[in-house]
Amino acid sequence: MKIFVCIKQVPDTEAKIKIKSDGSGIDPAGIKWVMNPYDEIAVEEAIKLRDLNPGSQINVITAGPKERAVEALRTALAMGADEGIVVHGPDNLDAYSTAKALAEAIKKEGDAQVIFTGKLSIDTNQASVSQMIAEFLGISHATVVSKLQFAGDTVTVERDIEGGAKEKIQLKTPCLIAANKGLNMPRYASLPGIMKAKKKVIKEYEVAALGITDADRKVSYSQYSLPADKPPVKLLQGDASAQVSELIHLLRDEAKAL
Amino acid sequence: MATTLVFVEHQDGQIKRSSQELLQIATKNNQKTLAVVFGSQAKALAPACAQNGAQEVHVVADAKLDNYNSELFLAALSAVLEKIKPQFVLASSSSTGRDLFPRLGARLGTGVVSDAIELNFDGANLKAKKPVYAGKAFAIAEFKNSSMQIVLMRANQIPLSSVTAGAGQVVEHALPAIDLKTIVQEVVKGASKKMDLTEANIVISGGRGLKEAGNFKLLNELADVLGATVGASRAVVDAGWVGHDMQVGQTGKTVAPTLYIAVGVSGAIQHLAGMSGSKVIVAINNDANAPIFQKATYGIVGDLFEILPKLTEEFRKVLGK
Ligand SMILES: Cc1cc2nc3c(=O)[nH]c(=O)nc-3n(C[C@H](O)[C@H](O)[C@H](O)COP(=O)(O)OP(=O)(O)OC[C@H]3O[C@@H](n4cnc5c(N)ncnc54)[C@H](O)[C@@H]3O)c2cc1C
Ligand SMILES: Nc1ncnc2c1ncn2[C@@H]1O[C@H](COP(=O)(O)O)[C@@H](O)[C@H]1O
């Protein structure tokens, strides 16, 4: 079975975000890049699926500037994926062109039975690339998946929806599954894993060579800004009873939040 | 005047607050507001759509659309859009909206912006402000090369008011026959009947300061009095005290309620990312140096085990419950 995992490199969750002076994006200086946390869950799920289907192959694929994006691939290879694919391109592709580039590369590789992705990338907060890849490839998809079971070509998944409810869905392979937290606990790369990863193959494609043009850019982002400064906190004084009545008074009469 | 189609979601025979917001936003911005509603209840909801400004209510009144199925919803929506070709499409950033619209965008060759918090109708262009880097920054999204502009908006962005009612003329559409590959077997209800964190007007979150899972009952009691939904930090989700659907933060849910009360939560950067858009933030923590106080509107430095019961008691009196 051929399994693909789409992974994205994003700023570390600890990163302090600064904006470029012209507001065209964030200032990359000093940012530590990591694999999108949901994509770690996707990689782990692919490894579990390979364990159940010996002889399967896991290809991890990323679109982005190859100079740094390959680092995310190395991490996934160190976790246990078999082969890496980098689709080299600018760092500000929108969801549509990203999905189209990834779908084209996956088509060229051929034979994808299952594609794993994360439910959302924590930098752009789009939650779009997964469904778009599935559409471009003409395969079924399920997003926000926290439970999954394979039986032959049938996949049964649970998808988390509002209020802690779940939709139980049955799909047929080939399909795309976007992982949510709760699906598994991703492993850390082991030292031998890291050593082995250095020898694993990383293939390269170019966004433009895959036929992605300017017409595929559907959304542009500009005028980046930081949240407005909050006024300092009002600390409530006195004993517990005094603090509590003061809080209720402020919420009601000052903030009008009740 | 541009035509804006709002995808209206509903539950228990009522249109969701988030959908009402969208209809009102379109109407207040002088759009020709159209609604599209799915499911066997669709027609009965037309008056509610009209009241929020809808000129036309496009319904696909088929019971197959009572539960969400990506393939059926996609087929139904594509058929409606094909006929009315609106310039703008608005939907909420709900679990249905987020699953459905990106795929629709790919099918139609148009862009989709999700998680918007502000809209700017500028003639033929719809601009959307959205949080990026989990709320650590904002950006303005604009469309290019798109025949239709699709924006998914977060809930609770505007207060509801009354708008000029629309004619609410019902237009029926049939669900196209398709070869289904995906089957929704059942929808398993969540344990609580409360509003989802992402839609709630008041959220009370607990962290490791609560010491053990059982103490979440202190939060539940306060939540019952306030009609709030309870959330949690990742630390207590990872500890297994509560389910991961309750996690607030960069790798959990992003919330923006009117009131957010953080109890025994330190305010790690990843937690702040998920809740700093809240309008009023209250922090209760016994460590005056906890970073949560830097984001809070009001702070109580004290022992949560002493404060919480008093708070619940006082609220009960004040709210007459
Ligand atoms: C990749 C990544 C993603 C993450 N994503 C998230 C996320 O989405 N959401 C999230 O929340 N975290 C996330 N985290 C974890 C985050 O870094 C923190 O570890 C976590 O938020 C801490 O949870 P906490 O505030 O409950 O616990 P702690 O940091 O231990 O804080 C407990 C607080 O309770 C207070 N306290 C103790 N006793 C009392 C008492 N009796 N009365 C009052 N106060 C008391 C303490 O002073 C302390 O401030 C993420 C981390 C990483 C690395
Ligand atoms: N540049 C990219 N390269 C590879 N995979 C990506 C990329 N962008 C998004 N994805 C995948 O799509 C998922 C959803 O991303 P998004 O739509 O950006 O929120 C991510 O969790 C990844 O699995």
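The structure is a predicted model, and every value below is computed from it.

**The interface**

The size of an interface is often given as the accessible area lost when the parts come together. For chain B and chain A this buried area is about 7300 Å², with 55% of it on carbon and sulfur atoms. Within the part that chain B buries against chain A, B:Arg103, B:Tyr133 and B:Tyr298 supply 11% of the area, which is more than any other three residues. Counted by residues, 88 of chain B are in contact with 81 of chain A.

The polar side of the interface can be described at two levels. There are 44 residue pairs in polar contact across the interface, with both residues of a pair at pLDDT 80 or more, and the count of salt bridges between the two chains is five. One of the salt bridges joins the side chains of B:Asp238 and A:Lys181, at 3.1 Å from N to O. On the side of chain B that touches chain A, helix 4 of chain B (residues 95-108) gives the largest share, with nine residues. By class, that side of chain B has 36 nonpolar residues, together with 28 polar and 24 charged ones.

**Local backbone features**

Beyond strand 9 of chain A, in the loop between strand 9 and strand 10 (175-179), lies A:Pro174, and the peptide bond leading from A:Thr173 to A:Pro174 is cis, with omega near 0°.

| Residue | Phi | Relative accessibility |
|---|---|---|
| A:Val144 | about 55° | 16% |
| B:Lys85 | about 40° | 57% |

The surroundings of these residues can be stated for each in turn. A:Val144 is placed in strand 7 of chain A (residues 140-151), and it counts as buried because its relative accessibility of 16% is under the 20% cut-off. B:Lys85 lies in the loop between helix 3 (70-84) and strand 6 (88-92) of chain B, and B:Lys85 is exposed, since its relative accessible area of 57% is over the 50% limit.

Notes: Residues are numbered from 1 along each chain as its sequence is written. Chains are lettered from A and ligands numbered from 1 in the order in which they are written. This is a predicted model: local features need pLDDT of at least 70, side-chain atom pairs count only at pLDDT 80 or more; totals for chains, interfaces and linings use all residues. Side-chain values use heavy atoms; hydrogens and water are left out. Contact means heavy atoms within 4.5 Å. Buried area is the accessible area (1.4 Å probe) that two parts lose on being put together, summed over both. A salt bridge is a side-chain nitrogen of Lys or Arg within 4 Å of a carboxyl oxygen of Asp or Glu. A polar contact is a pair of N or O atoms within 3.5 Å; within protein, one must be able to donate a hydrogen and the other to accept it, and residues adjacent in sequence count only if both atoms are side-chain atoms. Helices (H or I, at least four residues) and strands (E, at least two) are DSSP runs, numbered from the N terminus. Ala, Val, Leu, Ile, Met, Phe, Trp, Tyr, Cys and Pro count as nonpolar, Asp, Glu, Lys and Arg as charged, and the others, Gly among them, as polar. Buried means under 20% relative accessible area, exposed over 50%, partly exposed in between (1.4 Å probe, protein chains only).
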